[in-house]
Amino acid sequence: MTKSPQIIVLDTGGQYCHLIARKVREFGVYAEVRPSETPASQLAGARGLIISGGPSSVYEPGSPTVDPAIFDLNAATLGICYGQQLMAYLLGGNVKRGDKGEYGLAFLDVTTPQTLLDGVNSHQQVWMSHRDTVLAVPPGFTALGATGACAIAAMADPSRKLYAVQFHPEVAHTHPGRQILHNFLFTICGCVQDWDPSGRIPVVEEQIRQAAAGRKVFFFVSGGVDSTVAYTLCLRALDPGQVHGAYVDTGMMRENETEFVRANFSKLGARHFTVVDARREFLAALEGVTGPEEKRHAIGGQFLAVQDRILQSGHYLDADWILGQGTIYPDTIESGGAAKADKIKTHHNRVEGIQRLIDAGRIIEPLSSFYKDEVREIGRELGIDEELLERHPFPGPGLAIRCLCGNDSAAARQIGEGYLLPVHSVGVQGDSRTYRPALALDGMPSGEHAATELINRISGINRVVAAAASHAPLGSLRSAPAYITEERLAHLRRVDAIVRRLSHQSGFDKTIWQFPVVVIPVGVEGRPDSVVLRPVDSVDGMTARAVIMPAALLKQMTEELLQVEGICAVFYDLTHKPPATIEWE
Ligand code: XMP
């Protein structure tokens, strides 16, 4: 009952490969992602191949490539960004190494209005992100268009059904993007509409029944979208009395979270859903712990212990049980960068009993072929509340990674235009992790890239924040030893709840991807902590843009936040990812 994809996206390590597949699916055409080097013989049967963009240069040794035999398949091929350069390089064109590149908005002038560009106006906004460029098209190809900085922004050899663009048709900033993908899918590849996630519900339910084969299903649920939708599908497919779930209350959750989860599962008709109160154990495991990695380690270890205890005491490892999980499509695919890293993390986090079930195939993952948006669509069809379906992502270790700790006492120090805050946070530069202080500015700087420029100029920092309001001058702020305690968590829960309420009431939460609220141990006596607001926009969390909220909303938020006990100042994180991460840890 597995579906054959009409379109296969060949992943060259770009952050956008899943976005391409999602966009194709939005046209009702089933697409899957495969590693770029998949042999052509395994791709035969697809109507079209799309080679994704990626961060490499075709000249770097070991950079991703494709099996050249794909160009002789019956499938049409579209290269995007690095995909265009790779096609040019492999088929005898000329690719120029770039130093500076072209990033952001550009205007495409169509020179040859060929099928791929049918219906595209002659001068259109597109989005570019590349260093190298194609200087000469390969034999048989024609250039189709140019931008100011890129003479060959699109090219084609229609006789071999080979097409390529330097810009990104899959992003919204490329105005003719949908038209170009539509042309490729339907006119060039001859795809037919065969994909409708909510229409798949009966098929998924049948898959669940087959996999369960009369056994009972046990889930660890997080209260997030994926595990809730997966659980609900099992409730519908099987006798609800056969589907059990446990939610571990770690004490690191947001205000009213446990009540919210409990109410939701009861509404969904869950009969055997238990909340396991492990708050004391988690707090004890975190006592005196300050470093980000140590905190993660303590929480991870505690999770394993609690999960193991639940599995053992409920006899869920016995032969009449299988395990349900809310794994979604991007989690199943090894691709470049973070996906691989995440996988390594989950591997380490696997409790032995769960790993045994997985190895024995005693596992059901009903959502493993769906993207998040598709999971939401299914959830909607199942009647799950919109409030749950539209929740922002929330990290497993919870508020513990948003409650910063430290052993030292130090003062904020003025450097140039700002103050170096005496607190370290995690960042990411190149492929490596950084752990550095943040620079605080006394007010909002102008320009979207001010933070990046400052970080490039001032060595030793990885974030820039603006002080939105403070009970004390920035120069008088100090750090003090701080740990994860019930009291600090209560303050964090309070400020987080204020931010959530106001951003929901104003509709701001709909315009962003996630809104971490962080507490840092920087302040003055009597008010030892400050709040950092971190609203970001992102596609998948791998990169992110800091979003500036409306001034009136920020003012209202800071006024309320400064009234919370123990809070000294409110900062606004202006840093994109990279060089910062989304979370502070
Ligand atoms: P960073 O901070 O690495 O975060 O830029 C990227 C995204 O991942 C989320 N995150 C996690 N999610 N377990 C999770 O389920 C984790 O341990 C974890 N750590 C970070 C983070 O909230 C952001 O959306």
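Helix H6 gives the most to the lining of the second largest pocket, with 4 residues. Helices here are DSSP runs (H or I) of at least four residues, strands (E) of at least two, numbered from the N terminus. The model is predicted: local features need pLDDT of at least 70, side-chain atom pairs count only at pLDDT 80 or more, and totals for chains, interfaces and linings use all residues. Residues are numbered from 1 along each chain as its sequence is written, and side-chain values use heavy atoms, leaving out hydrogens and water.

About 470 Å³ of space lies in this second largest pocket. Its lining has 20 residues, and the closest to the centre are Asp-249, Gly-251, Arg-279, Glu-486 and Arg-493. A pocket is an open set of points on a 1 Å grid over the protein atoms alone, where a 1.4 Å probe fits, with protein on both sides within 12 Å along at least five of seven lines; lining residues have an atom within 4 Å of a point. The volume is the space filled by probe spheres set on the points, which are joined across faces, edges and corners.

Now the salt bridges. The structure holds 32 of them. Each sets a side-chain nitrogen of Lys or Arg within 4 Å of a carboxyl oxygen of Asp or Glu.

| Pair | N to O distance |
|---|---|
| Arg-131 and Glu-60 | 4.0 Å |
| Asp-320 and Lys-216 | 3.7 Å |
| Arg-457 and Glu-417 | 3.3 Å |

Arg-457 lies in helix H14 and Glu-417 in the loop between strands E18 and E19, 40 residues apart. Arg-22, Asp-373 and Arg-376 are linked in a network of salt bridges.
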